Amino acid sequence: MKSDGEQRAGLLYGIGAYGMWGLVPLFWPLLKPSGAMEILAHRMVWSLAFVGIALLVLKRWGWVRELLRQPRKLGLIAVAATVITVNWGVYIWAVNSGHVVEASLGYFINPLVTIAMGVLLLKERLRPMQWAAVGTGFAAVLVLAIGYGQPPWISLTLAFSFATYGLVKKKVNIGGLESLAAETAIQFLPALGFLLWLGTDGSATFGAHGAGHAALLAATGVVTAVPLVCFGAAAIRVPLSTLGLLQYLAPVFQFLLGVAYFHESMPPERWAGFALVWLALTCLTWDALRTARRTKAEAEAQRLAARPEARQAGPQSADELKISPSGV
């Protein structure tokens with residue numbers, strides 16, 4: 001069991017990770033006049049450079065040899081690299097094209113898409129409250145599609161690509177820093193080739209707008225890797241239920257930035273759609289917390305029942321095993 005100090009540190013790491021992800025819409029506009037594809041290519045190249053240096057300092061290279069001996073894992077990492085490329089590219093384009101609110105919606109509905117994929121692909125069984133959340137989320141997408149006059153494709157692309165990425169990462173099961181290194185290694189050559197082509201074509205912006213702009217493009221590697229490192233530090237220190245709640249920080253910050261800072265419009269039908277999404281997430285969170293508390297209480301009851309003195313004393317009464325209201 002983690003100490004209180006470790007849990008507090010984990011909470012701070014988690015807030016830092018999701019806070020940085022939530023505030024990153026402030027960063028991408030600084031890279032203009034670079035286009036979304038050029039920014040994406042720089043993000044891939046500089047992320048590998050940053051992660052490579054970090055692994056060199058930490059002397060964590062043993063996983064590479066093991067990974068190269070597992071073609072199935074390599075294939076899954078290639079899939080992960082592909083879907084996260086789509087996710088990154090669409091997100092950068094959305095932010096720099098004035099669609100921050102719609103991008104935030106993608107990460108609000110991502111947990112619902114993840115659950116739906118679990119049912120369809122992994123044949124998982126849902127509890128009634130989870131079904132209610134997924135149904136409410138589907139209704140929200142319909143409302144937003146009617147309001148937009150078309151499906152909210154930015155939100156759906158971000159949600160489905162990130163949910164697929166999470167599913168693949170779960171099957172690969174290697175550390176966050178190592179996984180990012182492997183994924184960006186796959187992305188590196190196509191990204192570098194694209195940047196070199198931009199250079200020969202004369203349309204590259206790297207170095208053409210001063211040292212400050214070039215430094216910002218190089219900083220895309222730091223912006224990508226640092227939140228991931230913080231997330232990894234949080235994941236080993238706090239319960240998954242806490243991380244599940246913290247994940248909503250990022251889209252909340254993005255939504256607030258879209259409305260208050262970038263002044264994107266929020267017509268009534270968009271508010272209605274977001275309200276349905278938030279209702280679905282409330283149902284999902286309540287169900288997850290209730291289930292976690294019940295599981296913890298059952299585990300505690302089994303632990304107490306397994307004690308030698310408990311076996312000697314005989315079965316406990318129902319009153320003795322009753323869970324207090326705070327544990328329901």
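Helices (H or I, at least four residues) and strands (E, at least two) are DSSP runs, numbered from the N terminus.

## Model and confidence

This is a predicted model, in which local features need pLDDT of at least 70, side-chain atom pairs count only at pLDDT 80 or more, and totals for chains, interfaces and linings use all residues. Residues are numbered from 1 along each chain as its sequence is written, and side-chain values use heavy atoms, without hydrogens or water.

The chain has a mean pLDDT (the predictor's confidence in each residue, from 0 to 100) of 85, with 92% of its residues at 70 or more.

## Where H2 meets H4

Let's turn to a helix pair. Helix H2 (residues 36-58) packs against helix H4 (residues 71-96) at about 135°, their axes 9 Å apart; axes are lines fitted to C-alpha atoms, for helices over the stretch in contact, and angles run from 0 to 180 degrees between N-to-C directions. H2 brings Ala36, Ile39, Leu40, Arg43 and Met44 to the contact (heavy atoms within 4.5 Å), and H4 brings Thr85, Trp88, Gly89, Ile92, Trp93 and Asn96.

Most residues other than glycine have a negative phi, and most peptide bonds are trans.

Lys59, in the loop between H2 and helix H3 (62-68), has a positive phi of about 55° without being a glycine. His263, in the loop between H12 and helix H13 (268-305), also has a positive phi of about 55°.
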